Amino acid sequence: MSEAGAASRRTGLPHSAREAVDRTDRSLSPSCRSRPVLGGGPASAVLRVACSREGFARARVFTRETLRGWSLEHRGDDAVLVVTELVSNAVTHAVPSAAAGVPEVRLGLALGPARFTLTVADPGDDAPVFNPSEGSALREHGRGLCIVDALAEEWGWVPRPPAGKTVWATLSTRPLT
């Protein structure tokens, strides 16, 4: 399926992802923030990701800790893999094409009733390229969105005017059987 086909198959942001994306412009702290839900823990959390190995490691730890707080440790491996792929794509493809200044990549997690949404906002305007093909398992690069597609219930992207985009993926909160 072409990237255009992927975008049309995965239309719009789920409501919870849109809320997480909208909150990326409001800051509770310079690098990390969360919003509480009734009865306790946060319903969403956002992390500013540094474009470095340490930033990637922090994004993975942040994802695991947030899911642990939501009692979703059983989804941690899949979520961390999706986050790693989406953040890696943002840093590899979007950050180099960003306008002058310090490029910003933000990771968001939002909890819904039956699923949670992971978002990665970056400064790039280009659409993500989803290119599944025969023999893709043997390629060294270019498999990230194929992995996201395999693990997520749905995924997609939306532009962030005036510049940038947000790529999102939803995963079920149900335990794997």
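A salt bridge is a side-chain nitrogen of Lys or Arg within 4 Å of a carboxyl oxygen of Asp or Glu. The model examined here is predicted. By this rule, seven salt bridges are counted.

One of them joins glutamate 104 to arginine 48, with the closest N and O atoms 3.1 Å apart. Glutamate 104 sits in the loop between helix H4 (76-94) and strand E3 (105-111), while arginine 48 belongs to strand E2 (residues 40-49), so the pair ties together parts that are 56 residues apart in sequence. Glutamate 104 has a relative accessibility of 33% and counts as partly exposed. Arginine 48 is also partly exposed, at 28%.

Glutamate 104 has a further partner. A salt bridge links glutamate 104 with arginine 106, and here the closest N and O atoms are 2.5 Å apart. Arginine 106 is buried, because its relative accessible area is 9% and the cut-off for buried is under 20%. Through shared partners, the salt bridges join Arg48, Glu104 and Arg106 into one network.

Another salt bridge is formed by the side chains of arginine 75 and aspartate 78, at 2.9 Å from N to O. Arginine 75 is buried, with a relative accessible area of 4%. Aspartate 78 has 18% relative accessibility and also counts as buried.

Helix H3 (residues 53-69) was considered next. Its 17 residues, at 1.5 Å a residue, should span 24 Å. The end C-alpha atoms of H3 are 24 Å apart, which agrees with that expectation. The buried residues of H3 are Gly55, Phe56, Ala59, Phe62, Thr63, Thr66 and Leu67. Seen down the axis of H3, these buried residues fall within an arc of 120 degrees, so they line one face of the helix. An α-helix has 3.6 residues a turn, so residues three or four places apart point the same way. On the other side of H3, Arg53, Glu54 and Gly69 are exposed. Just after H3 comes serine 71, which takes a positive phi of about 60 degrees.

The largest nonpolar core contains 31 residues. Within this core, Leu107, Phe116, Leu118 and Val148 touch the most other members. Several elements each supply at least two residues of the core: E2, H3, H4, E3, strand E4 (115-122), helix H5 (144-151) and strand E6 (165-172). H4 gives the most to this core, with seven residues.

The contacts of valine 148 were then listed. Leaving out residues up to four places away in sequence, valine 148 touches Val82, Glu85, Leu86, Trp155 and Ala169.

Threonine 119 has its place in strand E4. This residue is buried, with a relative accessible area of 2%. Threonine 119 and valine 82 are 37 residues apart along the chain, and their C-alpha atoms are separated by 9.9 Å.

Definitions and conventions:
Residues numbered from 1 in each chain as written. Predicted model: local features only at pLDDT ≥ 70, side-chain atom pairs only at ≥ 80, totals over all residues. Heavy atoms only, no water. Helix = DSSP H or I, 4+ residues; strand = E, 2+ residues; numbered from the N terminus. Buried < 20%, exposed > 50% of the residue type's maximum accessible area, 1.4 Å probe, protein only. Expected span 1.5 Å × (residues − 1). Arc of directions from axis to C-beta. Core = buried A, V, L, I, M, F, W, Y, C linked by side-chain atoms within 4.5 Å. Contact = heavy atoms within 4.5 Å.
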